[in-house]
Amino acid sequence: MNAFHSFPKINFPMENLIHFVSWKNLRRHIKSVVFTLVALGTILCIVIVALNTQSKEAVPTIPAIANNVCLAPDCVIMASKILNNMDLKIDPCTDFYSFTCGNFMKNTPVPADEYIVSSFQDAQKQVLLQLRNLLEERSTSKELLPFKLVKNFYKSCMNTTAIEADGLKTIKIILSSLNGWPVIEGDEWYYAKFDWKQAMYTLRNIGFSANYLIKLDVIIDLQNSSLRVISLDQADFGINRRNLINGFNDSVVQSYYNYMVDVAEILGANRSQALVELAESLKLEMELAKISWSPSQRQEEKLMYNPITVLKLQNEYPNTNWKKYIKYILDIPGFQVSDDDIVVLRIPKYLNDLEDLLQETSKRVQANYIMWRVLLSTTQYLNVQLRNRRLEFYKEVYGEQRSKSLWKECVTNTILNFWESLSNLYMRKHSHNQAKRTINTMFTKIGANFVNLIKKSKWMDNETKEHAYEKSAGMPYYTTHSDEMDDKTLLNFYSTVRTHFQTKRTCSPNSS
């Protein structure tokens, strides 16, 4: 049997390419004013839906507004929460943040299993609990296959008995499929079999991230927000770029280095050898950080918009077969890449520098780095020994005092891998039509206020205002859930999912 049958494989039909885009990518292309309005609206949407699902009773109709003040129960509750979070003793002209959030900072302890807390944590906790209850419900014979898949996925994640019985067998199979982790294989590792691009294809095929050297994504086209384009960007890193730039003397880098050496030793590496080899792979990650752009540099969106045809991409960066790379990393059935397809290079110089860096770096160092990143993304889903070592690292770096409850980890992992199915299941159970109408009304008013802001703005000339009006008119509103995701569409969306769950928890497969 194929060793990868225990890992869910999620393929996206071509017509669903739009779903490949994340909110994280979308927000980078929206002006700050729009972001503020939409983010506020989205947060309020979540809170309204959460509040409306506290009971099975119908959502009450919002009463008429008195003196331009909303007196609906939801408005009163939210106003009370906002007031409780404010510190009215602070002069807002001196310290506006403390004025608006002072009491929240004073009265909100950070839970032991978290290293961050927000004012919307209560709504988030409630939604997580509701999702947990849905996932733990018994499947019926008439239940749609996508809903059965998502529940099976969650159950496999929660099966700690099987995880401990499996030990490190599954992760070692994965590493072996990637030609092995050199620091473990020692002299038996054969460099001629390793190619970093092939390793990325294999990782993507079994559901892992392939963003360790180059980040390939689908983003909103900066020049036309109604279109999506393929982008090539700098790599994601295991820890903050700033710490990597600081080098080995940085305390976070030291903790990170000790963590990777300990993990390698747990998997069977000789510690002395691991100290030497993983120092070299860490140097590679530091060099990747050095050739990447800082967050402040990345704020200049115009500099990060460099469209190029696939043919020109191939001519300018010939060390990679880009048609093959794009096809295998996107992993969309039936999708073919042509010479005329457009790819947006976020940082062209990064690709140049990366080619030079990889030519100077031995295959053994490349492989050690990639294998480490695979382990870094999976330790929280493996046995107790590895999970405890991960917690120790998180204590040192983030102050997290204990691991998250297993059910929280598993719900989060399920959300990442089965978003369409789980969100659809949730909305069918908890969403109310009245709540959706209320949120639609709210978004309409937010849009109207945005237009009003444009009218009143003094820094825009008339031509710029006209463009802003057009952009505002073309902004679609997505409220709570899509009416288009009916049974037929949902079944089609998951028609290419190939999954076989054994009695062990699946390592976290993240889409690139």
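The legends below walk through several close-up views of this predicted protein model.

Residues are numbered from 1 along each chain as its sequence is written. Local features need pLDDT of at least 70 in this predicted model and side-chain atom pairs count only at pLDDT 80 or more, while totals for chains, interfaces and linings use all residues, and side-chain values use heavy atoms, with hydrogens and water left out.

**View 1. The whole chain, as a starting point.**
The protein chain holds 23 helices and four strands, where helices (H or I, at least four residues) and strands (E, at least two) are DSSP runs numbered from the N terminus. Of its 512 residues, 47% are buried; buried means under 20% relative accessible area, exposed over 50% and partly exposed in between, with a 1.4 Å probe and protein chains only. Among contacts (heavy atoms within 4.5 Å) between residues at least 6 apart in sequence, 77% join residues at least 24 apart.

The buried ones are Trp 196, Lys 197, Ala 199, Met 200, Tyr 201, Thr 202, Leu 203 and Arg 204. Their cover includes helix H8 (169-177), S1, H15, H16 and H17. Just after H10, Gly 207 has a positive phi of about 100°.

**View 2. H10 packed with H15.**
The axes of H10 (residues 196-205) and H15 (residues 322-330) come within 8 Å and cross at roughly 25°. Axes here are lines fitted to C-alpha atoms, for helices over the stretch in contact, and angles run from 0 to 180 degrees between N-to-C directions. The crossing makes H10 roughly parallel to H15, a label used for angles under 35 degrees. H10 contributes Trp 196, Lys 197, Gln 198, Met 200, Tyr 201 and Arg 204 to the contact, and H15 contributes Lys 324, Tyr 325, Tyr 328, Ile 329 and Leu 330.

H12 (residues 251-266) has 16 residues and should span 22 Å at 1.5 Å a residue, which agrees with the 23 Å between its end C-alpha atoms; the expected span is 1.5 Å times one less than the number of residues. Asp 250 caps the N-terminal end, placing a side-chain oxygen 2.8 Å from the backbone nitrogen of Val 252. Buried residues of H12 include Tyr 256, Tyr 257, Met 260 and Asp 262. Helix H13 (271-291) and helix H18 (384-398) are among the elements covering the buried residues of H12. Gly 268 follows H12 with a positive phi near 115°.

**View 3. Ser 421 in helix H20.**
Ser 421 sits in H20 (residues 419-430) and counts as buried at 0% relative accessibility. A polar atom of its side chain lies 2.8 Å from the backbone oxygen of Pro 146. Not counting residues up to four places away in sequence, Ser 421 touches Pro 146, Phe 147, Val 150, Leu 490 and Tyr 494.

**View 4. Lys 215 in strand S1.**
Lys 215 belongs to S1 (residues 214-221) and, at 11% relative accessibility, counts as buried. Lys 215 and Gln 234 are 19 residues apart in sequence, with their C-alpha atoms 5.7 Å apart in space.

Key:
A polar contact is a pair of N or O atoms within 3.5 Å; within protein, one must be able to donate a hydrogen and the other to accept it, and residues adjacent in sequence count only if both atoms are side-chain atoms. Angles under 35 degrees count as roughly parallel, over 145 as roughly antiparallel, 65 to 115 as roughly perpendicular and the rest as oblique.
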